[in-house]
Amino acid sequence: MSNFRLSAQLAAHEADVRDVSFPAPDLILSASRDHTVRAWSRTASSPPAFEPHIVTQGSEFVNSLTCLRPSADFPKGLVVSAGTDSIIDVRSVAAGPSDNAERLLIGHAQNVCALAVIPGSKFIVSGSWDSTARVWSVGNWEAEAVLEGHEGAVWDVLPLSEKLVITGCADKNIRVYDLGKTVAGQVQPRSTIYTPDVVRALCEVPKSHPSGADIASASNDGTIRLWKLNGQQVGELRGHTSFIYSLTSLPSGELVSSGEDRTVRIWRGSECVQTITHPAISVWSVAACSTTGDIASGASDGVVRVFSRSEERIASPETLAHFDESVKSSSIPQQEVGGVNKEKLPGPEFLRTKSGTKDGQIQMIKEDDGTVTAHQWSVGQQQWINVGTVVDAVGSSGRKVEYNGQSYDYVFDVAIEEGQPSLKLPYNLSENPYARAQKFINDNELSQNYLDQVAQFIVSNTQGATIGQTSEASSGPDPYGTESRYRPEGDSAPKILPVRDYLDITVAKYEPMFKKILSVNSALVAAGRKGISLNPSSQNTLESLKKALESNKPVTDDLTISLVVMMCTQWDYPDRLAPLDLLRCIATSPATAKFKSSGESSLVRIAISAALEDVPDGSQPNENCTMMALRTIANLFKTAEGRKLLAQPSEASAAISFVGRVIGIRGQPAIGPFNRNVLLALTTLAINYAVLASKQLGSISTDNQIRLTSSLALVLQKQTDTEVVYRALVAVGTLITVIGKAAPEARSLSSSIKSAKDRVSEARVQTIANECLSLLA
């Protein structure tokens with residue numbers, strides 16, 4: 001069987017291509033960190049040419065996509081995409097960025113990193129960093145089931161039949177789910193396959209495969225493992241030298257993989273029969289066309305590449321030459337190939353006299369000019385292929401590492417959180433480490449809490465390096481190296497407790513929020529439910545509210561507030577999420593804090609009622625509605641009027657009882673016990689009550705403070721999410737300063753604090769836990 005050769009290079013994206021789909025010979029779909037999904041339509045066959053158009057354009061990274069093939073209901077087919085905004089976008093393949101989506105699916109709490117269509121095309125399944133996979137119905141676009149049991153990011157989802165779905169998780173487990181066993185919208189795993197490393201990718205193994213395997217998994221250790229569904233491992237494929245990000249299969253029965261070692265690899269049986277090196281840092285995704293057997297890859301250089309075994313679909317000689325030259329001129333950081341002793345490397349004559357032993361084998365060659373080049377053995381071509389020049393990782397060599405078209409002294413892989421992908425951190429020795437760390441945080445939309453960690457990572461990993469000169473040539477302190485690096489004043493960490501500032505959660509996406517409200521309203525009007533639908537006047541009020549929020553203006557009139565409250569409390573329970581989201585946005589206005597319903601209910605009780613009352617029989621309160629209610633109460637602390645309301649004994653008691661209900665105090669089932677957004681909203685509310693108790697002594701009764709610490713103790717005992725545990729510790733520590741270390745209730749917190757400290761190793765958690773314990777000493 002012939003080798004794959006380049007068929008086309010599709011360049012239009014402005015950042016990493018994170019996912020690709022190849023549903024038909026004349027259509028390729030790509031998702032990118034440039035916030036777009038593009039559809040590439042083939043305009044010529046030999047050599048192939050493709051014309052792109054933007055299907056959707058948002059404001060955050062798009063990391064996953066899948067495609068529903070054309071049908072009677074959707075004659076153009078549908079693109080389903082998602083990313084860091086956690087919203088799944090469904091729209092026609094022919095749509096443009098200004099067109100409305102067919103539907104926006106809201107339910108995940110973090111980045112959606114995997115999407116797939118379940119056979120039969122009646123459902124899709126999604127996987128997320130929020131530790132859940134979700135099944136959604138096609139057509140009515142409702143969440144049908146949550147696949148439970150994950151303890152880390154769900155990196156991939158693999159539907160094998162209409163009822164059988166497999167997931168791969170950062171907790172190193174593969175789980176098998178039978179959708180026929182759904183109970184109250186939840187599915188527990190039928191079985192679990194335990195693996196040695198984080199599972200990044202899955203694919204179905206063709207029936208003809210000699211191993212007899214049912215599925216394949218790929219991991220961070222660079223190994224592809226072959227499994228029977230009963231958990232028996234029947235094979236391993238080794239060849240990748242770093243993380244494997246993507247797997248797929250070919251009509252020929254072969255497997256295809258791609259990864260951080262910048263390669264796509266073709267596997268026949270247990271052997272790698274071809275290695276395709278890319279002129280990029282990472283090959284994030286690979287997809288196969290089931291009709292032609294061609295493959296498409298998406299890489300960190302923003303290019304989609306198509307490869308084919310058919311001579312009719314091979315690229316022009318000029319395109320082939322350009323690709324080969326791009327690979328040859330790539331810079332390979334030395335850390336990717338291990339230690340290189342130049343004096344012991346063979347010269348160019350090796351390439352003419354020696355053959356490789358397997359496809360993809362790398363051989364270092366010392367060229368006549370002293371540089372080191374990397375050459376890869378091709379079994380198909382029976383020759384060595386130049387795949388780049390090896391460059392030192394340290395700035396003292398004077399050589400640079402290429403990243404995104406620019407040269408740097410270093411390009412680090414930074415793993416911010418376990419189970420989440422490593423991010424590229426470029427750095428030049430002439431830069432201030434804190435300035436570069438801040439840019440890294442901004443570029444990757446990370447929490448500001450990582451600033452010191454990232455800056456210290458840079459300092460630690462560039463210790464002693466110099467710019468453009470060797471250490472022997474240096475005399476005295478290095479003017480640009482470690483001696484002049486910016487360092488925070490002092491060696492001891494400042495005290496954090498008690499905190500004195502209130503927090504809010506006000507970031508919102510108004511367009512989908514209001515679109516959902518109007519969609520529900522249209523359904524109410526169609527059903528003749530005029531009593532709770534919005535008339536034209538109310539819709540105008542809603543439009544004015546949207547403009548006010550977009551202009552960051554407060555809500556001032558009771559009519560607008562009462563309209564939002566009506567939707568939150570009188571609309572059917574499944575339709576309350578968007579109105580509750582709107583309620584938490586207006587909770588920061590003084591008028592909202594002073595609002596009373598016709599029944600004299602405060603906004604605190606309105607929010608709690610909307611989340612907990614009218615739940616359908618046999619169901620639990622909706623996690624996202626609960627989250628929005630918690631956020632609403634937390635946001636009331638933003639104004640003096642809100643704090644006055646929340647300090648009232650009855651209101652404080654109601655809010656803190658709500659916290660206990662969510663946590664599962666007194667034997668009640670917890671609501672969203674591992675939903676990060678629910679827990680962040682809850683701990684933010686707890687921090688605000690702790691701040692109020694600290695700043696206005698006597699404003700919150702001791703009884704309410706103790707009830708709040710009891711709920712927080714459960715969070716510290718059970719949770720592992722860094723931000724959740726950190727916020728819980730901040731709240732607990734601040735309350736300890738109010739209750740006093742001698743109080744038995746305060747001293748009883750010691751074991752919970754130690755438990756959290758033992759389970760979460762991040763430096764800031766250790767710091768705040770130690771400070772809490774010191775308050776009790």
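This is a predicted model: local features need pLDDT of at least 70, side-chain atom pairs count only at pLDDT 80 or more; totals for chains, interfaces and linings use all residues.
## Strand β16 and its partners

Two strands count as paired if DSSP finds at least two bridges between them. The β15 and β16 hairpin leaves three residues between the strands, and K172 takes a positive phi near 75 degrees.

Why is β16 largely enclosed by the rest of the structure? Six of the six residues in β16 (residues 173-178) are buried, so the strand is largely enclosed. N173, R175 and Y177 point one way, I174, V176 and D178 the other, and all are buried.

## Aromatic pairs

With ring centres within 6.5 Å as the cut-off, the count comes to eleven aromatic pairs. One of them is Y410 with F412, stacked at 5.1 Å centre to centre and 15 degrees between the planes. Y410 and F412 are both buried.

F637 and Y689 go edge-to-face instead, at 5.0 Å centre to centre and 85 degrees between the planes. This pair links distant parts of the chain, 52 residues apart: F637 is in the loop between α11 (623-636) and α12 (640-647), while Y689 belongs to helix α14 (residues 676-695). Both F637 and Y689 are buried.

## Charges over rings

Ring pairs tie F243, Y245 and W284 into a cluster. R18 lies over the face of W284, 3.8 Å from the ring centre. Elsewhere, R764 has its charged end over the ring of Y726, 4.5 Å from the centre.

Methods
Residues are numbered from 1 along each chain as its sequence is written. Side-chain values use heavy atoms; hydrogens and water are left out. Buried means under 20% relative accessible area, exposed over 50%, partly exposed in between (1.4 Å probe, protein chains only). Helices (H or I, at least four residues) and strands (E, at least two) are DSSP runs, numbered from the N terminus. Rings of Phe, Tyr and Trp (its six-membered ring) pair if their centres lie within 6.5 Å; planes under 30 degrees apart count as stacked, over 60 as edge-to-face and the rest as tilted. A charge sits over a ring if NZ of Lys or CZ of Arg is within 6 Å of the ring centre and within 35 degrees of the ring normal.
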